[in-house]
Amino acid sequence: MTDTASAQLAALAQALQGFERGEHTAAALSTLARQQTALLAALPPRYGEVLLNLLDRLESSALFSEESCSFSQKDLVANLGMWVEKARGR
């Protein structure tokens, strides 16, 4: 992984932690994640597909209350955290 991709992964991990603390909205996190083009280019294509799917669901979950949404925002954040860890392993 290039230095740029590693820096973008670190920025994404930091933004995810900020989201968990309530410092960022789902939209802000999603926008930042989608801008990490060097990171996505450095990973296998499937990583990008999974990330975009998780971000789409996270943005959708932000539109509804936890009870009315078909998936848990907490679970999506956990899955994004796992995505970051797996990306670090690549």
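This is a predicted model: local features need pLDDT of at least 70, side-chain atom pairs count only at pLDDT 80 or more; totals for chains, interfaces and linings use all residues.
**Overall architecture**

The protein contains five helices and zero strands, so that its pattern, read along the sequence, is α-α-α-α-α. Taken along the principal axes, the box filled by the C-alpha atoms is roughly 40 × 25 × 20 Å. Among contacts between residues at least 6 apart in sequence, 61% join residues at least 24 apart. Further values for the protein as a whole are collected below.

| Property of the protein | Value |
|---|---|
| Share of the 90 residues that count as buried | 34% |
| Accessible surface | about 5400 Å² |
| Share of the accessible surface belonging to carbon and sulfur atoms | 52% |
| Distance between the mean positions of the 8 positive and 10 negative charges | 6 Å |

**The nonpolar core**

In soluble globular proteins, nonpolar side chains tend to be buried together. In the present model, the largest nonpolar core comprises 22 residues. Those with the most contacts inside this core are L12, L29, L58, L80, W83 and V84. Two or more residues are given to this core by each of the helices α1 (3-20), α2 (26-34), α4 (45-61) and α5 (73-89).

The surroundings of V84 may be described individually. When its neighbours within four places in sequence are left aside, V84 is in contact with L9, L12, A13 and L16. One of these partners, L12, is itself listed with V84 among the core residues with the most contacts.

**Two glutamines of helix α1**

Helix α1 holds both Q8 and Q17, and each may be considered in turn. Is Q8 buried or exposed? Q8 counts as buried because its relative accessibility is 16%, and the cut-off for this class is under 20%. Not counting residues up to four places away in sequence, Q8 touches Q35, Q36, T37, A38 and L39.

For Q17, the relative accessibility is 44%, and this residue therefore counts as partly exposed. This class lies between the buried limit of under 20% and the exposed limit of over 50%. Q17 and L43 are 26 residues apart along the chain, and a distance of 21 Å separates their C-alpha atoms.

Terms used. Residues are numbered from 1 along each chain as its sequence is written. Side-chain values use heavy atoms; hydrogens and water are left out. A nonpolar core is a set of buried Ala, Val, Leu, Ile, Met, Phe, Trp, Tyr and Cys residues joined through side-chain atoms within 4.5 Å. Buried means under 20% relative accessible area, exposed over 50%, partly exposed in between (1.4 Å probe, protein chains only). Helices (H or I, at least four residues) and strands (E, at least two) are DSSP runs, numbered from the N terminus. Contact means heavy atoms within 4.5 Å. Accessible areas come from the Shrake-Rupley method with a 1.4 Å probe; for residues, only the protein chains shown count as cover. Lys and Arg count as positive and Asp and Glu as negative; His and the chain ends are not counted. The place of a charge is taken as NZ of Lys, CZ of Arg, CG of Asp or CD of Glu.
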